[in-house]
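Dear colleague,

Please find below the structure that I am handing over to you. My findings follow directly after it, arranged by topic.

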Amino acid sequence: MIPSVLPTYARAPLSFVKGEGPWLTEADGRRFLDLGAGIAVNVLGHSNPDLTAALTDQANKVWHVSNLYSIPQQQDLADKLVAATFADTVFFTNSGTEACELAVKMARKYWYEKGQPEKVEIITFSGSFHGRSSAAIAASGSEKMVKGFGPVLPGFKHVEWGDHDGLHAAINDNTAAILIEPIQGEGGIRPLADQELKDLRALCDDNGVLLILDEVQCGMGRTGRLFAHEWAGVTPDIMMVAKGIGGGFPLGAVLATEDAASGMVVGTHGSTYGGNPLACAVGGKVMEIVSDPAFLADVRKRSGLLRQKLEGLVASHPDVFEGVRGSGMMLGLKCKVAPADLVKAGYDNLVILVPAADNVVRLLPPLNLTEDEIAEAVARIDAAASVVGADV
Ligand SMILES: Cc1ncc(COP(=O)(O)O)c(C=O)c1O
């Protein structure tokens, strides 16, 4: 008999009843150190008091009003995002997938309004992940994602990650945009080098192509800058954001320059819940905390410590690990063993890790993990690796 919850997830037999900072308490009372943070969502940990206050304050005022009216919390968050980034304008969504939908629509509409309606093709990369809607799976293009779901939405061209010649060859008069994650998350924590992102920006400029960055997983302070592309000193035309921006409350956004957004006039897009007062009240508080330069400096310092300790861990388990990669608090342990085995051993040692493609186990902890918690996290992964290593 089919479960009452549609069985699309391979769930671990864990059920958490309470969260506090980076700690999650299981129904049986065991306390887990959460290095997954809801897959890069709980940037300030669980039940952060500032976020709880922002949410409950707003809940006591008004929960939901339609986008037929102006929403002050939405305006406030949009102003904060515009002030802190390349963007001139923001549309709020409920998820990263919806942000992908709009980013694709926006890029195509841009060229349509410029009198070049043939420019509809979006170039994407192998190993990418942009969500699960029809456009997002077409963007990713992997067989695993699209097989069985009928005609794949046209207008996407896929290039191998790292294939520079292939990328140049893929651009033609029909290219509307290049869509890329500055650090692939689901694809196995595969970062684009700063120079590669710079070259990509130049390539887009030289060829009249929009650059869309998907910072759903790597954005909102995760790399120690508010957004990952800041490290390269270049800016996109359009950016997808979600996950961390709501700190655990469903919220996403598309940020864009005035020019890139120019086709999106009244009536061209909408969302009932997107930019809802509860979500934006929380998002506003997340932005206030995470965009603080002192907070980001702390993320850089502590993530440096985490990385250093992980390098030591890798060195002491050469049969289990190949190396560490990633940036800030978005780190991947490239494994020689099956990532699922390490994740399972992690559960047994009360630490939560997240598997990714390319034989990688991900660490995406809350950004405010303390030095003591970092030491504890690495000790627990060490214990898990010892168990897995003993079986190699
Ligand atoms: C880079 C990236 N883009 C888009 C998405 C889709 O976001 P959501 O699951 O909120 O729809 C994800 C989710 O993992 C992601 O990692």
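**Findings**

Methionine 220 is placed in the loop between β10 (210-214) and β11. The model is a predicted one, and the remarks below should be read accordingly. The phi angle of methionine 220 is near 55 degrees, a positive value in a residue that is not glycine. Is methionine 220 buried or exposed? Methionine 220 counts as buried because 27 C-beta neighbours lie inside 10 Å, and 20 or more are required for that class.

A positive phi also occurs at isoleucine 39, with a value of about 60 degrees, although this residue is not a glycine either. Isoleucine 39 belongs to helix α1 (residues 37-40). With 15 other C-beta atoms within 10 Å, isoleucine 39 is partly exposed, since that class lies between the limits of 12 or fewer for exposed and 20 or more for buried.

**Lysine 243**

The unreviewed UniProt entry places the feature "modified residue: N6-(pyridoxal phosphate)lysine" at Lys243. In the model, lysine 243 lies in the loop between β11 (238-241) and β12 (252-256). Lysine 243 is buried, because 28 other C-beta atoms are found within 10 Å. Leaving aside residues up to four places away in sequence, lysine 243 touches Ala40, Val41, Gly96, Val216 and Gln217.

**Surroundings of the ligand**

Which of the 15 residues around the ligand come nearest? They are Ser95, Gly96, Thr97, Gly131 and Val216. Helix α4 (residues 96-113) contributes the largest share of this shell, namely three residues. Sorted by class, the shell holds five nonpolar, seven polar and three charged residues.

**Domains and their interface**

The domain assignment divides the protein chain into domain 1 (16-34 + 293-390) and domain 2 (50-290). Their C-alpha centres are 27 Å apart. Across the interface, 19 residues of domain 1 are in contact with 19 residues of domain 2. On the side of domain 1 that touches domain 2, at least two residues each are supplied by α10 (293-316), β13 (321-327), β14 (330-335) and β17 (360-363). The largest share of that side, five residues, comes from α10. By class, the side of domain 1 that touches domain 2 comprises 10 nonpolar, five polar and four charged residues.

Yours sincerely

Methods
Residues are numbered from 1 along each chain as its sequence is written. This is a predicted model: local features need pLDDT of at least 70, side-chain atom pairs count only at pLDDT 80 or more; totals for chains, interfaces and linings use all residues. A residue is near a molecule or strand if its C-beta atom, placed from the backbone, lies within 6 Å of it. Helices (H or I, at least four residues) and strands (E, at least two) are DSSP runs, numbered from the N terminus. Ala, Val, Leu, Ile, Met, Phe, Trp, Tyr, Cys and Pro count as nonpolar, Asp, Glu, Lys and Arg as charged, and the others, Gly among them, as polar. UniProt positions are given in the numbering used here, feature names are shortened, and annotations may be inferred rather than shown by experiment. Two residues are in contact if their C-beta atoms, placed from the backbone, lie within 7 Å. Domain bounds come from an automatic or database domain assignment.
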